[in-house]
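Hi,

Here is the structure I said I'd pass on. Have a look at it first, and my notes on helix packing and cavities follow below.

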Amino acid sequence: MGTVHPVRLLLAALCCGTVLLLGWSVAGAPAAGPAELEQAEGITDRVGVLHGRESEVRRALDRLHRQQRLRLHVVYVGEFAGRGAQEWADATAKRSGLGSSDVLLAVATGERLHAVHAPPASGLTADTLAQVSSIAIEPALRNEDWSGAAIGAAHGYAAALSGNAIPGPLAVRGEEQPGRTTGTGGGSVLLPLLLVGSAAALGVLLYSRGRRPDGRPGPARRPAPAGGGPPTAALETAAREALIELDDAVRTSIEELGWAEARAGAEARAGAEARPFRDATTAAVRETTAAFRLRLRLDEAGPRQPEEERRRVLNGILRSCAMAARHLDDAAVPFARLRDLAGDPASALREARRRWDAAGERVSDAASVLDGLMSRYAMACLAPVRDHPREAGARLAFAAGRLADADLAVETGDRQRAAAAVRAAESAVDQAELLAGAVGRRAAELRAAEQEERRARETAAADLARAREAAGRGTGPEGLGEAADRTAELLRQAEDEPVTGGREPFAAVRRLLMAGAALSDALDGVRDPEAGRERARELLELALLVVQGELAAAQDFVTTRRGRVGCPARTALSEAERCRARAAAVTSQDPRSALRLMLGADALARQAYRLAQQDVDRRAPAGENGAPRRRNGAAAADGGPGETMAREAGILLPDGTGAARFGGPGSRMPSNGG
């Protein structure tokens, strides 16, 4: 292994310290078993986060009860005692004897997790619960507005049961809430001190180094910020690298969890065993999304943003990354016990070899499917999958070598080595399956786009005729004639799509979608409002077809080349996923807003793919674009083309020391292979 860079050692130590202190300070209370609710009050606050706003929360709960005869109970604890969030909420509701008109919102402040227990008689469907969580509860929790989460839930359930749009939470930042330190001891004071002190130490070390590790002169030094602490550029680097490493850890953890669940199913073990790890990855994804959202805010603000505000946001990114890492790291050791590859490597080897054999057939089929697609469609719409069969074959070749290593290790009784080889082979097979499946999925998407294109063209033509008729009579709103002319031009472009070189169904559908959206807005003044909403829903279905394809293509590319993809591509991809989820949450109440969000998701997904492709093509040198050639200061071992591919795909750790595994950046380093 190469020499570890002292800056990276410091970063690792600081992250570990921050994560440990977060575990001690954020909740302010130990993990709690199922609670006995204070039913008379409706509020059970075990961590003292509502001081100063209890009456506001109580008014919201009482209003819900008066309007809908639904009693909402809220309980705040530090953590869910190692249980799944839903399991904890259900157990608490049962222990407290809640009735058919009682709903429970359980919040773990240390984990920023929540769950809702709602009996069928409450009238709250699963779809309604998901929408209220997405729109009214989760945004408040991300902002540490604990009282706002309860108020948002009460208002959201009342609105949903009345058939009204679900309102979002009021923007109240957690640090502005009175009495937030109640019950937290010294943790809530020490945490920011640790973050600031850690950042300052990092800045001193970075700033004191006048030369790069290879001896070349370093860049010109900038003055330290007036308020002390590290240079802003050092915070930028730390935040960017933390985001990349965390995103890699989340992707690896999800892959590992899939293998564990598949093996548990094969052994007919209880599916509940994996629930805590699903909850951990879900919580980590939520925190990672929040961190990328902050990164996007920085990118959109540009260099004119005040430095003090920029530093505050950068520290917010680091804090969200630490919280996400904590969720994964806390689950890493229990997950290793669940998988226990070293306990029975022979069994895991048999399952990996079975999937390797099946994946080989799928890759061969994918190559044949791609040949057929290339004879019909333009290369532009096939670019995301053009290299997939070749890339999948490379991963299967790598997996074959690791399976052979595992065979030898099993024969010699070296269980740890066998487990390490199986883990690397599993990850490679998983990516080969993903790449092969993406080709077939692309074929289905293109066929569906062709079918929808014909229907969309007919609908757009009917809207165009209606718009021209209204404009001719002078009964339409101002600008209707211009909107009709623009739509006519887009329809003409779609009709004139060149046949030579193959068709581009996605591009044609996108043109029709943009034309339909513009004309639909212009027609609002001459048709029934419900007809307008129905047209928006039709356009939304069309947009969803395109967005799902573009998002899947970008996710597949980043997942299977993540060792080379930088922060800008990942930021755009995270925001695209957030826009799609937000659109789905508001579709039933506000299809027009959902359509705008979906169109934004489409643009962001395509941007993410372009940026990721540029990163891979550029083969950026260390540190450029946030895609460092070497991570954690360790030089990557040169194990030949197969291992180079495996490192760049995230199958092996960036320094080549072992297979990536479930957990955050602090727990992914190999430990005796198992």
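This is a predicted model: local features need pLDDT of at least 70, side-chain atom pairs count only at pLDDT 80 or more; totals for chains, interfaces and linings use all residues.

Let's start with helix 4 and helix 5: helix 4 passes helix 5 in a right-handed crossing. (Right-handed is when the near helix is turned clockwise from the far one by less than a right angle, left-handed when anticlockwise; helices are DSSP runs of H or I with at least four residues, numbered from the N terminus.) On the helix 4 side, the contact (heavy atoms within 4.5 Å) is made by Thr 128, Leu 129, Val 132, Ala 136, Ile 137, Ala 140 and Leu 141. Helix 5 answers with Trp 146, Gly 148, Ala 149, Gly 152, Ala 153, Gly 156, Tyr 157 and Ala 160. By class that is eleven nonpolar, four polar and no charged residues. (Nonpolar covers Ala, Val, Leu, Ile, Met, Phe, Trp, Tyr, Cys and Pro, charged covers Asp, Glu, Lys and Arg, and the others, Gly among them, are polar.)

The axes of helix 4 (residues 126–142) and helix 5 come within 8 Å and cross at roughly 155 degrees. (Axes are lines fitted to C-alpha atoms, for helices over the stretch in contact, and angles run from 0 to 180 degrees between N-to-C directions.) Helix 4 and helix 5 are therefore roughly antiparallel, a label for angles over 145 degrees, while under 35 counts as roughly parallel.

Residues are numbered from 1 along each chain as its sequence is written, and side-chain values use heavy atoms, with hydrogens and water left out.

Helix 5 (residues 146–162) also packs with helix 2 (residues 54–68): their axes come within 9 Å and cross at roughly 15 degrees. That makes helix 2 roughly parallel to helix 5, and their crossing is left-handed. Helix 2 brings residues including Val 57, Ala 60, Leu 61 and Leu 64 to this contact, and among those it meets in helix 5 are Ala 150, Ile 151, Ala 154 and Leu 161. The contact residues here split into ten nonpolar, five polar and two charged.

Further along, helix 16 (residues 529–560) and helix 18 (residues 591–618) have axes that come within 8 Å and cross at roughly 20 degrees. They are therefore roughly parallel to each other, and helix 16 passes helix 18 in a left-handed crossing. Their contact holds 21 nonpolar, two polar and six charged residues.

Now, how many cavities of 30 Å³ or more does a search of the whole structure find? Three. (A cavity is a set of points on a 1 Å grid over the protein atoms alone where a 1.4 Å probe fits but cannot get out, and lining residues have an atom within 4 Å of a point; points are joined across faces, edges and corners, and a volume is the space filled by probe spheres set on them.)

The largest cavity holds about 90 Å³ of space. Helix 13 (415–473) and helix 16 are the elements that give two or more residues to its lining, which includes Glu 452, Arg 455, Arg 535 and Glu 538. That lining comprises four nonpolar, one polar and four charged residues.

The second largest cavity has about 70 Å³. Helix 7 gives the most to its lining, with four residues. Trp 259, Arg 423 and Ile 651 are among the lining residues, and the classes come to three nonpolar, three polar and four charged.

Cheers

Conventions: Angles under 35 degrees count as roughly parallel, over 145 as roughly antiparallel, 65 to 115 as roughly perpendicular and the rest as oblique. On a 1 Å grid over the protein atoms alone, a cavity is a set of points where a 1.4 Å probe fits but cannot get out, and a pocket is an open set with protein on both sides within 12 Å along at least five of seven lines; lining residues have an atom within 4 Å of a point.
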